[in-house]
Amino acid sequence: MNKLSVYAVPMLFMLLASGCATMSELDVKDHAAIAQRVEARWAAINAGDFEGAWSYSTPSFREVFPKHLYRMNFSQTVLNRLTAVEVNSYDARAAVASVAVRVMSESTKQTAQASGMGPTPDTVKEQWFLIDGEWWNNAKSVSYTHLTLPTTCNLCSSRWSPYH
């Protein structure tokens, strides 16, 4: 064994081990706490209580993004029933958990297209931050209106479409 491999192998092992050390498991208490917060936030969304849902956003988000604009992130024509909360990963150093929220999306307006479709499953990926002992949703200013029922493409049109 040459001199380089004597030092390189242990260094490589330490580097890999330190990279893996950033990911850890949530303890039972933290897992229950994040699941409770996710469920409460989605209950507020489902009830149309967007101010209540906004209150689960990180403190820094709430400082710059007002409640009345937050409601525009959600579709008023889709009901999203929470079916499961799954914590996919947790980075203890960054205090960030990646959560998969499983919902069944259903149209609240019975149009001809949506009436025969029934509920549609969807997964929303969220990040939750542990700040001062409390879990907060990373409420980016992104739209949740993608949680709508599928549309038949041949009925879609836009002013840029050749079929418009």
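## Overview of the chain

Of the 164 residues in the chain, buried residues make up 30%. The model is a predicted one, and its secondary structure comes to 6 helices and 4 strands. Read from the N terminus on, these elements follow the order α-α-α-α-α-β-β-α-β-β. Among the contacts between residues at least 6 apart in sequence, 61% join residues at least 24 apart.

## Confidence along the chain

The chain averages a pLDDT of 74, and 63% of the residues score at least 70. Confidence is lowest in helix H1 (residues 3-21), where the mean is 43, and highest in strand E4 (residues 134-137), where it is 96.

Two stretches call for particular care in reading. Over residues 4-23 the pLDDT stays under 50, and for this stretch the model has 10 contacts beyond four places in sequence. Over residues 141-161 the pLDDT likewise stays under 50, and here the model has 40 contacts beyond four places in sequence.

## The paired strands

Strand E1, which covers residues 78-91, pairs with strand E2, which covers residues 96-107, in the antiparallel sense and over 12 bridges. Within this pairing, Ala84 stands opposite Arg102 of E2. The two strands form a hairpin with 4 residues between them. E2 also pairs in the antiparallel sense with strand E3 (residues 120-131), in this case over 10 bridges, and Ala97 stands opposite Trp128 in E3.

## The nonpolar core

The largest nonpolar core has 25 residues, and those with the most contacts inside it are Ile34, Tyr70 and Val99. Helix H2, helix H3 (50-54) and the strands E1, E2 and E3 each supply at least two residues of this core, with the largest share, 6 residues, coming from H2.

Val99 gives a view of how parts of the chain meet here. Leaving aside its neighbours within four places in sequence, Val99 is in contact with Ile34, Val38, Val85, Glu86, Val87, Asn88, Val124, Lys125, Glu126 and Trp128.

## Aromatic pairs

The structure holds 3 aromatic pairs. Phe61 counts as buried because its relative accessibility is 11%, and Tyr70 counts as buried because its value is 1%. Phe61, Phe65 and Tyr70 together form one aromatic cluster.

Another edge-to-face pair is formed by Tyr90 and Trp135, with 5.9 Å centre to centre and 65° between the planes. This pair links distant parts of the chain, since Tyr90 lies in strand E1 and Trp135 in strand E4, 45 residues apart. Both Tyr90 and Trp135 are buried.

## Charged side chains over rings

Arg37, which lies in helix H2 (residues 28-46), is placed over the face of Trp136, at 4.7 Å from the ring centre. Although its side chain carries a charged end that sits over a ring, Arg37 counts as buried, because its relative accessibility is 11%. Leaving aside its neighbours within four places in sequence, Arg37 is in contact with Tyr56, Trp128, Glu134, Trp135 and Trp136.

Notes:
Residues numbered from 1 in each chain as written. Predicted model: local features only at pLDDT ≥ 70, side-chain atom pairs only at ≥ 80, totals over all residues. Heavy atoms only, no water. Pairing = 2+ DSSP bridges. pLDDT = per-residue confidence, 0-100. Contact = heavy atoms within 4.5 Å. Phe/Tyr/Trp six-rings, centres within 6.5 Å; stacked < 30°, edge-to-face > 60°. Buried < 20%, exposed > 50% of the residue type's maximum accessible area, 1.4 Å probe, protein only. Lys NZ or Arg CZ within 6 Å of the ring centre and 35° of its normal. Core = buried A, V, L, I, M, F, W, Y, C linked by side-chain atoms within 4.5 Å.
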